[in-house]
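Keep the viewer open as you read.

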Amino acid sequence: MKQKQGLEETKELTSKFEFNPKDGIDNPALSLAEDSDADGAEKPRFCLLTKGDGESFGFCLREEVGYQGHIIRQVECGGVAQRRGLQDGDRILEVNGEYVDNMDHWRVVQKIKASGNQVAVAVLDGNAYEVAKALDKNLAELLPHHTRPRLCYVVKDKSGFGFRVLAPDGVKGTFRLLVTSDSPADKAGVPSDSWLLELNGASVRNYTHAQLTRKLKQSGSQVTLLVIDAKSEEFYRLQGVRVIAAMADASTLPFKARKLHMVKGPEGYGFLLKEEKCSSGRMGQFMSEVEFGLPAQQAGMKDGDRLLAVNGESVEDLGHQAVVDRICAGGNQVTLLVIDLEGDAFYSSLGLSPLLFWEDGHPPIQDPPPGSPPSTPQENGMPRLCRLVAGPEGFGFQLQNITDEPEVFITQVAPGSAGERAGLKEGDVVIEVNGRKVEKQSYEEVLARIKESGRQLTLLVVEQEGLRSYREMGLATAEGAKAEALLGSRQVPGHEKRKGLTQSF
């Protein structure tokens, strides 16, 4: 291992705000608040992002040391996010109709990933966000009150579904539902006088009344309805946002994912993990040969359950070996999120991930062992963006690398230095320097980029264990390794063709 020289340091920036003598105000928050009110920047913007298979939404979502909120960065020129009006520095306040500013960053990332190819977000300009925080405003109050759409599963009884459809003559796609009290529709949570948006996962906006009637008859004894009240429909319409099922309240659905926590016994967990095709045609990981009396069966696992997440992380897009490695990484205990065959078929028929509706949209978090501190996004292996302003003795850290290894990592972070204040840790691997990818560059190239940055430096780093995790998922290479990276789907090489893979636990 070779150790290189420490990096030069200068003076720390003491304030993000500057006094403007023209205003005659030395309270930066008040000064900025007046500007924001003047141009309407304090108003949240609502956007529906839609991408194609294999594409990304075209932005990074970051949690940055020294800054609050879920921060949008690296908006791709001409990408989906830029075309819908997202800007660098915007803060995400709402995802699929759910307020997320006070939510753990890792959960927000997982929620967006679980949304598939469409996600609805409410964002606030970065400057307006910082002003609102400085004034201790409740950001939830900036969002106009609206009720989320509702996803309802209705099973017919002898009297029918229990709703009537009203539609104006000659108008397509405008259907109002009148619900009979105590009927199957009422018990399934369908509000009376609500508007119908989707039937069995398909939009009804191009249906005539006759076509909708025919589709209802073809549905048999059960239907899935996406509905919304008139006031909320008007709100989204005026915002130019099309309502999608991912935004829905699904609390009344009978199909629920189950969390299983297991501690390994002398004979293992007692199940077999197989890679097979899901109802949707994609490959998935399924439980089989669940042994009676062993930890898996005692935790509630059933043959045919599909695995959704391991220790709080979605595995729906991972290949078999990567999932096996994640289960083994838990040591003698593991927390799994699974769904049964019927539930898997239901969500697949709608083109939705069950993770969207786990605990009202929150991805699962593993229960920590007794006495252990709560986990943080950094402890989960998330990359971190660290902004440094050099002090009198430099940035306060050194670089090292290992011969014949590509990584350049942080070492000897001086106590009280700019590096420590920015959140650098011993062993962090450097992924980017001032927004430029350096993961595969040599030690000398990384050092040169840092030196040319002058007195201010921005590093994207990740703990060594976290880098390995991202590489297993194919997310830490090229455009992938950016604070849970570009929020888009990436196919794991070979994942689509591998069949019959099994692993005993």
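pLDDT is the predictor's own confidence in each residue, on a scale from 0 to 100. This is a predicted model, so local features are taken at pLDDT of at least 70 and side-chain atom pairs at 80 or more, while totals for chains, interfaces and linings use all residues. Residues are numbered from 1 along each chain as its sequence is written, and side-chain values use heavy atoms, with hydrogens and water left out.

Averaged over the chain, pLDDT comes to 77, and 79% of the residues reach 70 or more. One is residues 1–40, where the model has 80 contacts (heavy atoms within 4.5 Å) beyond four places in sequence. The other is residues 470–500, with 97 contacts beyond four places.

## The overall picture

There are 13 helices and 27 strands in the chain. Both come from DSSP runs, numbered from the N terminus: H or I over at least four residues for helices, E over at least two for strands. Of the 505 residues, 50% are buried. Here buried means under 20% relative accessible area, exposed means over 50%, and partly exposed is in between, with a 1.4 Å probe and protein chains only.

What share of the contacts with a separation of 6 or more links residues 24 or more positions apart? That share is 69%.

## Two nonpolar cores

A nonpolar core is a set of buried Ala, Val, Leu, Ile, Met, Phe, Trp, Tyr and Cys residues joined through side-chain atoms within 4.5 Å. The largest has 41 residues, and Leu 151, Tyr 347 and Leu 352 touch the most other members. Beyond its neighbours within four places in sequence, Leu 352 is in contact with Leu 151, Ala 245, Ala 246, Tyr 347 and Phe 357. A second, separate core has 21 residues, among them Ala 390, Leu 424, Val 433 and Val 438.

After H10 comes Gly 351, with a positive phi near 70°.

Helix H3 (residues 105–114) is mostly covered, with nine of its ten residues buried. Gly 116 follows H3, and its phi is positive, near 75°.

## Ile 72 in strand S4

Is Ile 72 buried or exposed? Ile 72 counts as buried because its relative accessibility is 0%. This residue is found in strand S4 (residues 71–73). Ile 72 and Leu 61 are eleven residues apart along the chain, with 4.9 Å between their C-alpha atoms. Leaving out residues up to four places away, the residues touched by Ile 72 include Phe 59, Cys 60, Leu 61, Leu 86, Ile 92 and Val 123.

## Cavities

On a 1 Å grid over the protein atoms alone, a cavity is a set of points where a 1.4 Å probe fits but cannot get out, and lining residues have an atom within 4 Å of a point. Grid points are joined across faces, edges and corners, and a volume is the space filled by probe spheres set on the points. By this rule there are five cavities of 30 Å³ or more.

## Positive phi outside glycine

Asp 182 has a positive phi near 65° without being a glycine. Its place is in the loop between strand S10 (176–179) and helix H5 (184–187), and at 55% relative accessibility Asp 182 counts as exposed.

Asn 200 is not a glycine either, and its phi is positive at about 55°. Asn 200 lies in the loop between strand S11 (194–199) and strand S12 (202–203), and is partly exposed at 33% relative accessible area.

Methods: On a 1 Å grid over the protein atoms alone, a cavity is a set of points where a 1.4 Å probe fits but cannot get out, and a pocket is an open set with protein on both sides within 12 Å along at least five of seven lines; lining residues have an atom within 4 Å of a point.
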